[in-house]
Amino acid sequence: MARLINRIRFGRGLVLLICGIYFAVPMAASLWFSIDDNKGGTTFRAYTELLNAPGFTDSLVLSLELAAVTVVVLLLLLVPAVLAARLGAPRLRPVIEVMCSMPLVVPVVALTTGIIGVLRWGPDYLQDTPLFQTIVAIQDPKFPIVLIIAYVLMALPFAYRAIDAGLRGVDVVTLVEAARNCGAGWLRAVFTVVLPNLRSALLNAAVLTVALVLGEFTTASILGFTPFSVWINSNGKSDGQMSVAVSMLSLLIVWLVLLLMSAVGRGRKAARS
Amino acid sequence: MTTAPTPVPAPASAAHSGGGATAGPVTPATATATTAKAPRPGRRRTGGSRAWLAALPLLLFFVIGFGLPAVAIAIGAFTTSTDAPDGGGTFTTDNLTGSLQGAYWTALWGSVKLSLLTALIATVVGLPLAQAVATSRFRVFREAVMSASGVLANFGGVPLAFMFVATLGNSGEVTKKLGLTRHGWNLYTFSGLSVVYLYFLVPLLVITITPALEGLKAQWREAAANNGATALQYWRHVALPVLVPSLLGGFVLLFGASFAAYATAEAMVGSSVPLISMQIGDALSGNVLVGQGNLALALGLDMIVVACLVMAVYLPLQRRSAKWLA
């Protein structure tokens, strides 16, 4: 028996070791690559020049704006619908579920093809209608609304799952009934009773969405906009070292945000109990 | 839970998420009032019909954001494009047949091959890793690996490509240290791309399979041990049969993720490895013959068909695994 346990421990250690190497080496190597001056020394040139690189701030700001707006739009659309399905119209639930799974089926490249197809209707068929102006307006390179639409769609499945998982742990129907019996109106019940209970689920949904938007490349690049990820790519073709530096930085940022979120969530749970 | 914040959200919600406000028969104005009124009878039923209104913005958004592109693909794939000699809009199956021939067929097949290979390797590698992590005694370690997996699984894309270029590319650190180019290593090939894809596929499998592994009851293992089963027999006759639907489901999910991946390949190999997503990107950038503008839409349709097949396999499997691990 002891030998068996030893063997299991050994096997586990080996598996973790191999996987650890596979996942750690590229990161360590990239970190080294980004500060290697090719003469055996180190330099932080890539990191200091980063801030002054043309387009760095613009693209980063655009990405952050897109992320923020996407989160707001997504939650405003999704939360009322999900709550309505729970509270008032259970028959809505399968509809929402199907709607929120569909974007998973369609690869992002294919979705982008469809979006381009729709955008082409503008010059092709709608030249003289007000819809044409709309189609032009949503492609404003300063703030491409069309990307928001695409990102909300892409984030829909993940956000829905996060919120649905949160709702599973809370008996919303009873909570709302109790609040209503105490004389609270619907709005008050939702804002002061339901939403605070869903805080960590909403937080999760928001984090997933932000991570998705900050890393999204396909749609933005094909449609010809320049958020952060597209900038990294085009910039990386000219300065390899700097692009690796940015890549490491973006990975670090996402990681920190996620760790912070889970720490906040755990702290709250601990405080409550 | 104080009364202070209520005046603030009330007007805001009336303006934006109007659905929330109309979910019940009470108007926003009376909803914020704090007087203790007994709920009127029959409220739930009337609320039910109005609750649909709360979902209306999402439905509308979905129809416009998802429905229109879907229609555009469906129509575009079967009609000639506007730059065609006949002015466009006539029914044709040329786009579809064209998208399944020559370079496009090679790319589609290349994508399927790459996805099958990487999904298979990631499943085989990821299962022992997930098991090693799930049965670890250290809670902090488990949580750290899970959160790391969450990050890495979504880490596909441009940064990943650059990271591997810096590591295993022609002038990458590891390549230089170990002199890998002399042994015929080249990152910018099919196998190089597979190594890169595993970097986000393995964590993705760990995330998807861990709940199933945690659902394996300790009693099953004990029962097997009490009946004299070895660890191997336990896995062969108890654990694996329970895990098979989850594993297959995970495999299919990985296939889908790998099949749809675009950014990593685009940033790393461009179109030197034939992949369907690269071809679509090319075709959308106008890189097609005159009159074939709608070919990209047909390629998109091909991709959706493959993805639908994948989902048709995945959903029943997921239901089956949920039955055991509830």
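Predicted model: local features only at pLDDT ≥ 70, side-chain atom pairs only at ≥ 80, totals over all residues.

**The core and the two chains**

Student: Which residues touch the most other members of the largest nonpolar core?

Tutor: A nonpolar core is a set of buried Ala, Val, Leu, Ile, Met, Phe, Trp, Tyr and Cys residues joined through C-beta atoms within 7 Å. A residue is buried if 20 or more other C-beta atoms lie within 10 Å of its own, exposed if 12 or fewer, and partly exposed in between, with C-beta atoms placed from the backbone. Here the largest such core has 166 residues, and A:L78, A:A81, A:A84, A:A159, A:I163, B:L201 and B:L254 touch the most other members. The greatest contribution, 16 residues, comes from helix 7 (residues 145-168) of chain A. Helices (H or I, at least four residues) and strands (E, at least two) are DSSP runs, numbered from the N terminus.

Student: How are residues and chains labelled, and what kind of model is this?

Tutor: Residues are numbered from 1 along each chain as its sequence is written, and chains are lettered from A and ligands numbered from 1 in the order in which they are written.

Student: What does A:A159 touch?

Tutor: Two residues are in contact if their C-beta atoms, placed from the backbone, lie within 7 Å. Leaving aside residues up to four places away in sequence, A:A159 touches A:L74, A:L78, A:A205, A:L208 and A:T209.

Student: How many helices and strands does chain A have?

Tutor: Chain A has 13 helices and zero strands. Its radius of gyration, taken over C-alpha atoms, is 24 Å, well over the 19 Å that the globule rule gives for 273 residues, so chain A is more spread out than a compact globule. That rule is 2.2 Å times the number of residues to the power 0.38.

Student: Which elements of chain A have the lowest and the highest mean pLDDT?

Tutor: The lowest mean, 72, belongs to helix 13 (residues 240-272) of chain A, and the highest, 90, to helix 3 (residues 56-87) of chain A. For chain A the mean pLDDT is 82.

Definitions and conventions. pLDDT = per-residue confidence, 0-100.
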